[in-house]
There are 2 protein chains.
Amino acid sequence: MDPIRLDPWGTAQIDDYSELFDLFGIQPIETVIKDIPHPHRHIRRGVVFGHRDLELVLRAVSDDGPFAVMSGIKPTGDFHLGSKMTAEELIFFQSLSNKAQAFYCMADLEAYADNGIPLERSAKIAVSNLADLLALGLDPKRTYVYKQSEETRVMNLSFIFSRSVTQNMLNAVYGERNISLYLSALVQAGDILLPQTKDFGGPKPVVVPVGADQDPHIRLCRDLARKHQSRYGFLLPSATYHKLARSLSGSLKMSKRDPKSLLTLNDDPEVAKKKIADALTGGRETEEIQRKLGGEPEKCVVYELGLFHFIEDDPHVKRIYEECRSGARLCGECKAEHAEIVANYLKAHQRKNRSFIDQARSLLAG
Amino acid sequence: MDPIRLDPWGTAQIDDYSELFDLFGIQPIETVIKDIPHPHRHIRRGVVFGHRDLELVLRAVSDDGPFAVMSGIKPTGDFHLGSKMTAEELIFFQSLSNKAQAFYCMADLEAYADNGIPLERSAKIAVSNLADLLALGLDPKRTYVYKQSEETRVMNLSFIFSRSVTQNMLNAVYGERNISLYLSALVQAGDILLPQTKDFGGPKPVVVPVGADQDPHIRLCRDLARKHQSRYGFLLPSATYHKLARSLSGSLKMSKRDPKSLLTLNDDPEVAKKKIADALTGGRETEEIQRKLGGEPEKCVVYELGLFHFIEDDPHVKRIYEECRSGARLCGECKAEHAEIVANYLKAHQRKNRSFIDQARSLLAG
């Protein structure tokens, strides 16, 4: 095993991301980390591993200038851990300054077009999703939440942007794909640039926290921002990139299509415990071997639950890591400990979620 | 000269259109003309030469059932004769029954994206365009006029439709073109199918009167209607096809890009007279030859002005045609006669237009 990887904040996946630095010009988060006040757990632990132009946003923070943070969700079901990551980062950037404005898009049209979920149903799901955001700490007074099906300004921007993209440009970013994907990308560019339009106070730094797989959308949007700079004065949007939360079975990226390998914030805590009991670990074939060689936390989804999502305290995560690698900690007890932490988190979160439902409903109603 | 072409209602262009029958399945208008009550001048004279499924609409007329007629304009300037043709056909179909609902789209987003006209300016142009429609006889009580930039339902439909078109399908209809053209086509499909959505009373016959060059949009829209039939119950939209109004210099299709070869409904009547004096005719090299061989009205744009646009009385048009072919009528006097007719028409129309401006403004305001 490569000793360079012996890092409690590292995971087996890091190699999958490093090529993004060279190929696409994403900067390592280390280049700006010293300028980020009280960095979020994801940032401290390298879960957020890269960025583009985050300096712009950090300068706005230190100069007390306006900036925005933008994200969204396709309201097809409960918040899973991937949605939680983006949401926490959104809320973190919003918390950096009282000049920060958060934007959140409920992509109900995509939920209808791609998943067949009627707008009336996704509207209900969106209420629960927004209550999750409020429970996680979103400040509604400095947030603009909107439904994709109702926000004409975004649709209008994407229509205008369509005039300045060529098939070649789209093929270079996405490969040859269907027009629906291209159109979604144009609509997302509209979402990301909305905070810089006149109705929202004009050009300003905007950061979009995303999973590493979303970079093509960011690149296209930056290209469009550049092309329409003379008309709108757009600054190129900034982005941060996080590693993808693995499913409980260890496959890359959580997907709503496989509910058993997926934790959501509305899971029954007892069900969540069972899911954790069945999750992939970095354990060895036998207890004896594990006592001797130690476990492999880099491979372990249970360890990742604490590292990415549920254990705030850094020394606690470090201790788990070291005990695992030394062979002092076995998977059974470790799963039980994590299951308890997660179940308690879910109970507390769900209580908060319920207390925010009415507020979420009225925010979305208008 | 081919004797089969000796027809006062024929023009030199007819050959350009006949292939549409064989290639694309457009039906000759003759197949339904006997069922059209008091056919409009365009229909009587073969200017409207073809249709798709117009039977559906005619059956609604005779059964006193609901139907719709749909059209629109890019509000970039004054109504030219091409816009007038579509507008007259819209109004004609609306007049067939008091169950007929007219829909008219002001494509202000396209005016901005393609022609750089800001929405505030196109909003003013749209008021004048709508006053032209009212002056031509549109019944506002049975009309839904909307701005493309504000009609979320159309944008939402086009977004949904994008999921069911493939690159292959678009290439087959349009050839390989840019995504902006594809997107406009999807938005037009949304415009055409809007009258059949729940908000407007659900599925019903809809006719779209268009110029012959617009058939690809109709084909794509019918394809989309078929694909989304199970969800929305769409009937395939009907269409009628007219020959394109030539420019005054004789080139095919009037274009706003060449104002001198273009008549608009807001032209100063004296300026219009001068334009007509400079227009292409079907005259011979010398007066002597013309007296002997007769003129060629099929080639003559001045003749077309009366035939397509400004002379309502059929025997009058026939007389002009016969006098021209016989050599009894020379171009100078003929231009003067047409110039007078057109100038009088414009004066009367412009008076009416002004009297409708306030009503147009309030209709567009909401």
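Two residues are in contact here if their C-beta atoms, placed from the backbone, lie within 7 Å. Keep that in mind as we walk through this predicted model. Among the contacts in chain A between residues at least 6 apart in sequence, 76% join residues at least 24 apart.

Let's look at chain A as a whole. You'll find 16 helices and seven strands in it. Its C-alpha atoms fill a box of roughly 65 × 45 × 45 Å, taken along the principal axes. A compact globule of 366 residues would have a radius of gyration near 21 Å, and chain A has 21 Å, so the two agree. Of those 366 residues, 48% count as buried.

How far can you trust the picture? Chain A averages a pLDDT of 92, and 94% of its residues score at least 70. Residues 1-5 of chain A are another story: the pLDDT there is below 50, and beyond near neighbours in sequence this stretch has two contacts in the model. Where pLDDT is low, the predicted coordinates should not be read in detail. For the complex, the predictor gives an ipTM of 0.84 and a pTM of 0.89.

Now zoom in on Tyr104(A), which belongs to strand β4 (residues 100-106) of chain A. Is Tyr104(A) buried or exposed? It has 23 other C-beta atoms within 10 Å, and a residue needs 20 or more to count as buried, so Tyr104(A) is buried. Leaving aside neighbours within four places in sequence, Tyr104(A) is in contact with Ser71(A), Gly72(A), Leu133(A), Thr143(A) and Val145(A).

In soluble globular proteins, nonpolar side chains tend to be buried together. In this model the largest nonpolar core has 210 residues, and those with the most contacts inside it are Ala189(A), Leu130(B) and Ala189(B). Take Ala189(B): not counting residues up to four places away in sequence, it touches Ser158(B), Phe161(B), Leu220(B), Cys221(B) and Leu224(B).

How do the two chains fit together?

The contact takes 22 residues from chain B and 22 residues from chain A. On the chain B side, the elements giving two or more residues are α5 (108-115), α7 (152-162), α8 (167-174) and α9 (179-193). The largest share, six residues, comes from α7(B). That side of chain B divides into eleven nonpolar, eight polar and three charged residues. Since 100% of the interface residues of chain B are also interface residues in chain A, the copies meet through the same surface.

Finish with α5(B), which is mostly covered: six of its eight residues are buried. These are Asp108(B), Leu109(B), Glu110(B), Ala111(B), Tyr112(B) and Ala113(B). What do they pack against? The partners are α7 (152-162) of chain A, together with β4 (100-106), α6 (119-136), β5 (143-147) and α9 of chain B. Just after α5(B) comes Gly116(B), which takes a positive phi of about 70 degrees.

Methods:
Residues numbered from 1 in each chain as written. Chains lettered and ligands numbered in written order. Predicted model: local features only at pLDDT ≥ 70, side-chain atom pairs only at ≥ 80, totals over all residues. Core = buried A, V, L, I, M, F, W, Y, C linked by C-beta atoms within 7 Å. Buried ≥ 20, exposed ≤ 12 C-beta atoms within 10 Å, placed from the backbone. Helix = DSSP H or I, 4+ residues; strand = E, 2+ residues; numbered from the N terminus. Rg over C-alpha atoms; globule rule 2.2 N^0.38 Å. pLDDT = per-residue confidence, 0-100. Nonpolar A, V, L, I, M, F, W, Y, C, P; charged D, E, K, R; others polar.
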